[in-house]
Amino acid sequence: MSRPVKIIIDLAAIQTNCRLAQTIAPQSKTVAVVKADAYGHGSVEVAKALEPQVEMLTVSCLEEALVLRENGLLKPILLLEGCFEQTELKIALANQCELVLHSQCQLEQLLKVNLASPINIWLKVDTGMHRLGISPQEVESIYAALTASKNVNNIVLMTHFAHADHVGGAFTPKQIDCFQNAIQPIIDTTSQKVQRSMANSAALLAWPQTRVDWNRPGIMLYGLSPFSELNDQTKHLKPAMSFESQVIAIRDISVGESVGYGCTWTAKRPSTIATIAVGYGDGYPRGAKSGTPVLINGQRAPLAGRVSMDLISVDVTDLANVKIGDTAILWGKDLSANEVANWAGTIGYELVTRMPKRVARLFVN
Ligand SMILES: *Cc1c(COP(=O)(O)O)cnc(C)c1O
């Protein structure tokens, strides 16, 4: 028998979550976000599951897009950070990629290159995130330069939200206004319909005004809520990743005895400790504090002591009949990665995305 740690990816759950995104915003087209290996779920398999259902896929960079092309994915792929150097532009075009253009520097490269045919551009406007994007004041002139270039085909105007998970907060409406004001002169002077893209998962779920021509859902496809609280829509999301291992040892300890490195957890009562074959070397967060829930045979039991590289210890004193070989679920359908992340001072996005190669990944459905 081999070491029992694995992640199981439910591709049907991802399709269902995507359908939910599409049902919420039936007027919009969907760019499925499969960057960072589909948030650790496997970009090729996830993209294959979603391709029939969405208009476009998106990743961070050309290298990620080429992996999809080499594996037979055919839909257009948007590069969220655009190209990093001019030489990438021709390869991007030849591989049916579309480019986010977020800086003056990228504009210069695009205008200088000699492309065989024009490429589609997503002009990103910085409306308050202050990470990527041209300033609202530059929109008109850069749009005009793009329109005039023989290298440019269709242009989508896009922005990204900094705090859309803050439902009812003041920042998202400010960004929406800023975007609308920045692009209004273009809408007023262009004869074609100006295409827009604003919503990530949080905006799509919580801010109806952001559901425009193209939505860019990411985390919700994987069944994780972008919000700290459940709401009516996120309760229908199905977590697609199940992170599992098994109990490989059990012992009883007396009051006052400690568990794990640093002796940080001490038994306050005679206790039964189950040792699970999973640790930070498998992607379980070392920052998870004592008390973090683990599902053993479907029941919650608290983590006891520090997370080791290959092992964790769980206080199963209150669970009946725990045996070697019993299943332990670290996160999945009945225990959200968001909840575990909260115990570890991080977010579900990080936990699922940084799963190491060491952990076998199985696909179902
Ligand atoms: C990652 C990303 C998204 C998806 O965000 P989620 O919060 O995962 O839905 C959308 N747009 C851009 C520009 C991104 O970088």
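Predicted model: local features only at pLDDT ≥ 70, side-chain atom pairs only at ≥ 80, totals over all residues.
Figure 1. Strand 14, residues 293-296, pairs with strand 17 in the antiparallel sense, and two bridges join them. Strand 17 covers residues 327-331 and also pairs with strand 10, residues 241-253. That pairing is antiparallel too and runs over four bridges. Within it, Phe243 faces Trp331 of strand 17.

**Figure 2. The largest cavity, lined in part by strand 5 and helix 6.** Three cavities of 30 Å³ or more are found in the whole structure. The largest cavity contains about 70 Å³ of space. Strand 5 (97-101) and helix 6 (104-112) are the elements that give two or more residues to its lining. The lining residues are Gly82, Cys83, Leu89, Leu99, Val100, Leu101, Gln106, Gln109 and Leu110. Six of these residues are nonpolar, three are polar and none is charged.

Figure 3. The ligand has 13 residues around it, of which Lys35, Tyr39, Ser201, Ile219 and Tyr349 come nearest. This shell comprises six nonpolar, four polar and three charged residues. A polar side-chain atom of Tyr349 is 2.6 Å from a ligand oxygen atom. A polar backbone atom of Ile219 lies 2.8 Å from an oxygen atom of the ligand. For Gly218, a backbone N or O atom is 2.9 Å from an oxygen atom of the ligand. On its own the ligand has 390 Å² of accessible area, and the protein covers 92% of that area.

**Figure 4. The second largest pocket, lined in part by helix 7 and strand 7.** The pocket has a volume of about 220 Å³. Its lining includes Tyr143, Thr147, Val152, Asn153, Asn154 and Ile155. Thr190, Gln192, Lys193, Val194 and Gln195 are also part of the lining. Helix 7 (139-148) and strand 7 (152-159) are the elements that give two or more residues. Strand 7 gives the most, with four residues. The lining divides into four nonpolar residues, six polar residues and one charged residue.

Conventions. Residues numbered from 1 in each chain as written. Heavy atoms only, no water. Near = heavy atom within 4 Å. Polar contact = N/O pair within 3.5 Å; in protein donor to acceptor, adjacent residues only side chain to side chain. Areas by Shrake-Rupley, 256 points an atom, 1.4 Å probe, with all protein chains shown as cover. Nonpolar A, V, L, I, M, F, W, Y, C, P; charged D, E, K, R; others polar. Pairing = 2+ DSSP bridges. 1 Å grid on protein atoms, 1.4 Å probe; cavity = no way out; pocket = protein on both sides within 12 Å on 5 of 7 lines; lining within 4 Å. Points joined across faces, edges and corners; volume = space filled by probe spheres on them.
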